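Thanks for coming. I have one structure to go through, and I will take it from the overall layout down to a few side chains.

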Amino acid sequence: MIATEREWPLILKQFFFLGWFWDRSDPDKMATPTPLLKDELDIVIPTIRNLDFLEQWRPYLSPYHLIIVQDGDPTKVIKVPEGYDYELYNRNDINRILGPKASCISFKDSACRCFGYMMSKKKYIFTIDDDCWVRTKNSSMTVSICLLCCEAYKLV
């Protein structure tokens, strides 16, 4: 179930307290994150590539459990930076776990994240794509907290 309108202010408030915002006067100076919702939040990442981008996200994502769903060729080895608590699933795992119902999880698109939602045992799930980078002072790429929060789901 998607979070209700009444729940969004609480979710956004907690998410901003995580430190996922930038000091407008200095984009390189970020708030120190406080790992709220640590035991209630999973991060789901659909991917086709190595997860080097997680190094930039380490101050924010390292306290949380990651559920990584590999899209594409299941024989390709996906490298995850050391120090993360994660589960990694590929098409072979989905076929093994879901059996004949595995075809309901489409691949070759980011819909494979749905399997990550299913595998989560937490109350909240945030998802981030493998091409989202933290904004740096000289970067034109900006990650919008609104986009990340739009994909928050509350499980009942």
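This is a predicted model: local features need pLDDT of at least 70, side-chain atom pairs count only at pLDDT 80 or more; totals for chains, interfaces and linings use all residues.

Before I start on a particular helix, one term: a helix here is a DSSP run of H or I with at least four residues, numbered from the N terminus. Helix 3 in that numbering is followed by G99, whose phi is positive, near 60 degrees.

The overall layout, then. There are five helices and five strands in the protein. Along the sequence they come in the order α-β-α-β-β-α-α-β-α-β. Of the 156 residues, 40% are buried. If you take contacts between residues at least 6 apart in sequence, 61% of them join residues at least 24 apart. The protein exposes about 8,900 Å², and carbon and sulfur atoms supply 56% of that.

Now the strands. Strand 1, residues 41–47, and strand 4, residues 124–127, run parallel, and four bridges join them. One of the residues involved is D42, whose bridge partner in strand 4 is I125. Which way do the side chains of strand 4 point? Y124 and F126 go one way, and I125 and T127 go the other. Both sets are buried.

Back to helix 3, residues 91–98. Its buried residues are R91, D93, I94 and L98. What do they pack against? The partners are strand 2, strand 3 and helix 4.

Q70 sits in strand 2, residues 65–70. Is Q70 buried or exposed? It is buried, because its relative accessible area is 2%, and the cut-off for buried is under 20%. Its side chain reaches the backbone oxygen of D73 at 2.8 Å. Leaving aside residues up to four places away in sequence, Q70 touches T47, K76, I78, L88, Y89, N90, R91 and F107.

Last, the aromatics. How many aromatic pairs does a search of the whole structure find? It finds two. One is W57 with Y60, edge-to-face, at 6.0 Å centre to centre and 70 degrees between the planes. These two are three residues apart in helix 2, residues 54–61, which means they are separated by about one helical turn. W57 and Y60 are both buried.

The other pair is Y89 with F115, also edge-to-face, at 5.2 Å centre to centre and 80 degrees between the planes. This pair links distant parts of the chain, 26 residues apart: Y89 belongs to strand 3, residues 85–89, and F115 to helix 4, residues 113–119. Y89 and F115 are both buried as well. Y89 is also one of the residues that Q70 touches.

That is what I have.

Technical notes
Residues are numbered from 1 along each chain as its sequence is written. Side-chain values use heavy atoms; hydrogens and water are left out. Buried means under 20% relative accessible area, exposed over 50%, partly exposed in between (1.4 Å probe, protein chains only). Two strands pair if DSSP finds at least two bridges between them. Rings of Phe, Tyr and Trp (its six-membered ring) pair if their centres lie within 6.5 Å; planes under 30 degrees apart count as stacked, over 60 as edge-to-face and the rest as tilted. A polar contact is a pair of N or O atoms within 3.5 Å; within protein, one must be able to donate a hydrogen and the other to accept it, and residues adjacent in sequence count only if both atoms are side-chain atoms. Contact means heavy atoms within 4.5 Å. Accessible areas come from the Shrake-Rupley method with a 1.4 Å probe; for residues, only the protein chains shown count as cover.
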